[in-house]
Each structure stands twice: as structure tokens, then as C-alpha cells.
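Welcome! Please take a moment to look over the model below, and then we will walk through it together.

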Amino acid sequence: MLFKERDSDVSQQGGGSAAAAALSHFQILGASDSTRILRFVSFPERYEQWRQRASLVLADIDLSPDLARDIGSRKWLRGAATLVGLSALALAGWPDFAPLEAKPAMAVDDAVRDEFRSQMIMPLALGGDSGRRMGATREVVPLKSAPERPRLDLVATLSRGDTFARMLQRAGVSSAEADHIAGLVSGAMPLGDIAPGTQVDITLGRRPAPGASRPLDALSFRARFDLQLGVSRESGRLVLDPHPIKVDTTPLRIRGVVGSSLYRSARNAGAPAKAVQEYLRTLGNEMDVSSGIASNDEFDLIVDYKRAATGEVEAGKLLYAGLIRDGKPRKQLMRWGNDGQFFEASGNGEMRSGLVAPVPGSRSSSYGMRRHPILGYSRMHKGIDFRAGYGEPIHAVTDGTVEFAGRHGGHGNFVKLQHGGGLETGYAHMSRIAVRAGQHVRRGQVIGYVGSTGLSTGPHLHYEMYRGGKTIDPSSVRFVTRVQLSGGQLAAFRGELAKLQQIAPGAALATMTPDPALSDEPVREIDRIERKQKVG
């Protein structure tokens, strides 16, 4: 054994009398007043310890919880307070858009500012003035009258419903002189033929006396497409100066390949939009445009076209509609007659199939036996009744001639149309008749207005159809109408068609010599920048 108990006096080793070494607990731990060595803690370590303790504390607090959970709890209220605080902080930092004034290079007081203002030009709309303002002295003499311009150029516009003389009076011309000028213009053309919106250039001279109207020195306007009218003062008298304008009336012919879209191809070739629409509508009356026209077909259309020597152009109605396939004409339609109907090259008129409804309302009573609502007994109802409001227009179901128009017993105001081939139609109970006997009407033309005359219980249209003088069921008839030219009309038609077909495509767009007499170039340099005052 290395150690022995403290009360043992004899060592078991060595067998001698020497005392063994004994260590007490005090001797092992050392004396209580012994020196202790302390370890130095740096600032980064202390900061890291503080950060960890703060992170643990803040993690328990949870300042931004999910506000969608535990609504109303302490944790939720703490999150709401955080949201309000951050929002208030963001609003506190809202920017202020205030103007920044740069400091002037020199000190500017009120006296210097007034001096600057007296030497600058301010906009008149803001009440600005220029120069120094000084009070009037005894040397200042007020003007008896303000000076006026010796000549005044105006542009007056003829409004819809206005008269030529009243337009001149609005521009400053005296009533007597305006009536005299209107009389001069009416000698060249009717004043009612002047289109609304026509602009009139007016030149007024110097007033003969203060407060008097300015005399007219000159006047000029485009009266018609082919006429320029002017009024000038010569030797103190107003003289009318008409100037005819040269107009080229060669029709405009446009041809091209249909391609993927007939409308787009025709528009790209230069055809007016209205003419292309009328071309498609005209072909649609003869064939199925959607399936009857191939992409390699050629369209051929001729439009009424006018060109003036002053540069203006005016496109009119469609005159000819043709369709070419494999170099041969498939359709040839030309406008002919006063009603503007299209005819084929053979002289056959435009084909129109089916009947149009005389009024847009639905049927209220059919053809056949029924109990009469007024007479009280059953009898034959010889037509169809249509629901319609009082005063609605009634249209002809197809082309025809008015055989009868007037009062007709129980029918009241009655119109009967003859359509040829033994077919006739009748329209009863009208409030007012819009046609007369012997008049020719077109399909869809208004022939009267819905009423309740005769044996009628209320406003409606009673529509009848006759064949050979006897009534038939109108709903059983669907017919096609076509006019056929013959004799001298057919010869004249074919002659006009041959003239149109001789027109070369684009011939109407050839160069045209301008009219030098109507040149509007200013003579003086000051006239190049002067703007005429406009009178509405």
C-alpha cells in the first residue's frame, strides 16, 4: 500500500521505525488563501454572449406572429401593435414634394423685382404688361377713336339651315349688301344647291364712317365641284366673276386578283371602301360570294369618278361589277336606269329572291277560318295579321306598281300592289298612305304607316296576297323577281356596257394639267404668314 490509515504508527514496508508520509485533504486542495489565476475575456466574445442571450429573449417574444391565427390573443395583439408601429414609421417618412427655390446670384428685393418686371414680356392671357407704368399727365390726350386695319380677311362657313345672306351678315357685311350679293350668286346657281360646310373667303375694306359696316371688297368660294364663284368690287360696283373648273369624268376602273380576301385586295388596289361594299352586295344578289369566288379569280369594278383641275377628286357610285375566271368574264353587271338597278350583259335585271316582311313585328293571326273579333261569327280570314305599333312604316314586300291606294271598306286605308305574273299584295288598316295609284315602288320602300282604320280592334297590319284575283295564303309564296330589257333599251344598254369595258384600268389617274387661274399662291411675303380669321 502506498498510503495507510492516519492512526497507523507502523509502516508495513521497509520494516523500520521511520514514519510514513501522510497527506491531508487540506494539503491536496491547497490553502484557501492561495492565488487564483483569472482568464481574460475579449470584447468580441462578450458581444457574442450578449447577442445569443438577446436572440433567445427575442425568439420567445415573437414580435411578428401570423395575424391569421389566434386572433384576439396576447400574441396576436403584440403582432398587431408591431404592424401599426411599422406603418406609422413608414408614413412618417413620406416624402414632401415641395418646390425648391434656387438662391439667386444676387440679392433681389422688391425694388429690383419691379425693375425686372418692367423690362420683360409677360403672356397677355395672364394680364401681363411691358415697360414702366406711369400716371397720365396733362400732356396726355385721349384718342378720339382707335385705329383699325384698312383690310380684314375672313373665312365664313355656311352652316346647315343657314342662308347665304345671313352668313355674310355674321361676317360683318351690311344687310343690304348681303342681300345684293346673294342675288348675284343666285343668278349663277340656286342658293339651295350650295352644300352646308362650304367655306367662303371674304375680304372687307375700310369703314366709310365710324360705326358703319365694312364694305365687301372681294368674295370667293367653291360653289360646285366644277364651278368657282367670286364677287369683286370694280369702280364701286359689285360684279360676279364665275370661273368654270375643268373636270375629268373618266370613270375609275380597278382590276386585281381576289387572293385570300376580296375586300382587302380591292382596297389595296385603290378602290374606295363604299364602292367595294356595293360591289360585294351586287355580286351577292347573283351568287354565293363566300363559296362561289376562288382565290385566283379577278375582280373588275368601275366607279363613277371626277377629277378637278384644282386637284380635288370625287368618287361616286359603282357603275360596273365584273368577275373574271380563267380569262373569261363570269359575271358582268352594269348599273342602268333611273332607279339604279344592275343588269347582266344579257339584259336581265338584278335577281331578287324571296319576300321581305312588310313590318318587323310577329304574326298575331294566320290565314284561314276564325271567329271575327268585331262581327262575332266565324268567317274566312283572307290574310295574315302582324303585330306592330301605331305609326310604324309598312314596306313593299317586293317590286311592283300601286294598283289601288285609298279607302276600302272594312280594310280602312288600303294599298294594293301589282307584281306581275298574276300576283298582287294588299296592306290594310293603315293610318296614313305614302304612295299613289300608278306609282312604281321598289322592294322595301315605305308605302304607308300602321294604324287601326276600318274593322280593327287595334293598331296592326292586315297583309293579303292574291293570285289571279283570288286570295291565297301569303306564307306559301316565295318568288323571284327579275326585270328584262328589250328593244331600244337593250341596245342602249349594250352600247353603254361596251363603252365602259373599253376603259383601261387606271386611266382616270393620268396626269391632269392644273388650272393656273385658280392658283392660291400668295403674292406678297406678308401674305404667306398671315392667317385669316374664321367666322363660324
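**Around helix α6**

On one side of α6, Ala176 and Gly187 are exposed (over 50% relative accessible area with a 1.4 Å probe, protein chains only; buried is under 20%, and partly exposed lies in between). Helices here are DSSP runs of H or I with at least four residues, strands are E runs of at least two, and both are numbered from the N terminus. This is a predicted model, in which local features need pLDDT of at least 70 and side-chain atom pairs count only at pLDDT 80 or more, while totals for chains, interfaces and linings use all residues. Residues are numbered from 1 along each chain as its sequence is written, and side-chain values use heavy atoms, leaving out hydrogens and water.

Now turn to the buried residues of α6: Glu177, Ala178, Ile181, Ala182 and Val185. Seen down the helix axis, they fall within an arc of 140° (taken from the directions from the axis to the C-beta atoms), so they line one face of α6. These buried residues pack against α5, β3, β4 and β5, where contact means heavy atoms within 4.5 Å.

Follow Ile181 next. Leaving aside residues up to four places away in sequence, Ile181 touches Phe164, Leu168, Val173, Leu216, Leu219, Val231 and Leu238.
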